[in-house]
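This briefing goes through one protein chain by topic. Please keep the sequence and the model open while reading.

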Amino acid sequence: NGSTHSIVVRFSAVTGNGMLFGTGRVGFSCLITPNNGGAAVGWRLTDGAIATYVAPAATSGVLAMVPGQGGYRNGALDLVLSSVAAGATYPLAIACRNDGGVIANFLAGTIAAFAIYSDNPATVAANIVALTTRMQAL
């Protein structure tokens, strides 16, 4: 459900405000918007409705969301993300967002690789760097 597993995505040619993935319901969201308004990456892993935006926007690269660790951009920590107790009610959608059962916010771009996995918190940073390097080679 995104709140207990890491998600890593290699993408390119992104335009607009579409999402790499997303799920949500009232009071919980898990999503990444790489080109939010052409100005920042929008990160949301929260029990609330507020995203965190980190400039600059990303039209290509590798983004990873690791609950309890952070959001990674091309293998480097972009921001700290807390773990959340709540889980998603709706299935995770790829290249869009499942917003309370409604599929929306479609990605205009390409996803070359997508991974969801569980990791040891002690080694997650090194593993994100290794996976990012492998995905960038695609």
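**Briefing**

The structure holds 2 salt bridges. The model is a predicted one. Its chain has 1 helix and 12 strands, and it holds 0 disulfides.

**Salt bridges**

- One of the salt bridges joins the side chains of aspartate 78 and arginine 73, at 3.0 Å from N to O.
- Arginine 73 has a relative accessible area of 15%, so it falls under the 20% limit and is buried.
- Arginine 97 pairs with aspartate 99 in a salt bridge, where the closest N and O atoms are 3.7 Å apart.
- Arginine 97 is buried, with a relative accessible area of 11%, whereas aspartate 99 is partly exposed at 37% relative accessibility.
- As a general point, side chains of opposite charge can pair when their charged atoms come close.

**Overall fold and surface**

- Along the sequence, the elements run in the pattern β-β-β-β-β-β-β-β-β-β-β-β-α.
- The chain has 138 residues, and 47% of them are buried.
- Among contacts with a separation of 6 or more, 53% are between residues 24 or more positions apart.
- The accessible surface of the chain is about 6,100 Å², and carbon and sulfur atoms account for 56% of that surface.

**Nonpolar cores**

- The largest nonpolar core has 19 residues, of which Leu20, Phe21, Ile32, Trp43, Leu63 and Met65 touch the most other members.
- Strand E1 (6-15), strand E3 (28-36), strand E4 (40-46) and strand E6 (61-66) are the elements that give two or more residues to this core.
- E1 supplies the largest share of this core, at 4 residues.
- Methionine 65 is in contact with His5, Ser6, Ile7, Phe21, Cys30, Leu31, Ile32, Trp43, Arg44, Leu45, Gly70 and Leu81, leaving aside neighbours within four places in sequence.
- A second, separate core has 12 residues, including Val62, Tyr72, Ala113 and Ala115.
- In soluble globular proteins, nonpolar side chains tend to be buried together.

**Cysteines**

- Cysteine 30 is buried, at 0% relative accessibility.
- Cysteine 96 is also buried, because its relative accessible area of 6% is under 20%.

- Proline 91 sits in the loop between strand E8 (76-79) and strand E9 (93-94).
- Proline 91 is exposed, because its relative accessible area of 57% is over the 50% limit.
- Apart from residues up to four places away in sequence, proline 91 touches Gly22, Thr23 and Asn98.
- Proline 91 and threonine 23 are 68 residues apart in sequence, while their C-alpha atoms are 6.5 Å apart in space.
- Asparagine 98 lies in strand E10 (residues 97-99) and is buried, with a relative accessible area of 7%.
- Not counting residues up to four places away in sequence, asparagine 98 touches Gly22, Thr23, Gly24, Tyr90, Pro91, Ala93 and Ile103.
- Gly22 and Thr23 are touched by proline 91 and also by asparagine 98.

Methods:
Residues are numbered from 1 along each chain as its sequence is written. This is a predicted model: local features need pLDDT of at least 70, side-chain atom pairs count only at pLDDT 80 or more; totals for chains, interfaces and linings use all residues. Side-chain values use heavy atoms; hydrogens and water are left out. Buried means under 20% relative accessible area, exposed over 50%, partly exposed in between (1.4 Å probe, protein chains only). Contact means heavy atoms within 4.5 Å. A nonpolar core is a set of buried Ala, Val, Leu, Ile, Met, Phe, Trp, Tyr and Cys residues joined through side-chain atoms within 4.5 Å. Accessible areas come from the Shrake-Rupley method with a 1.4 Å probe; for residues, only the protein chains shown count as cover. A disulfide is a pair of cysteine sulfur atoms within 2.5 Å. A salt bridge is a side-chain nitrogen of Lys or Arg within 4 Å of a carboxyl oxygen of Asp or Glu.
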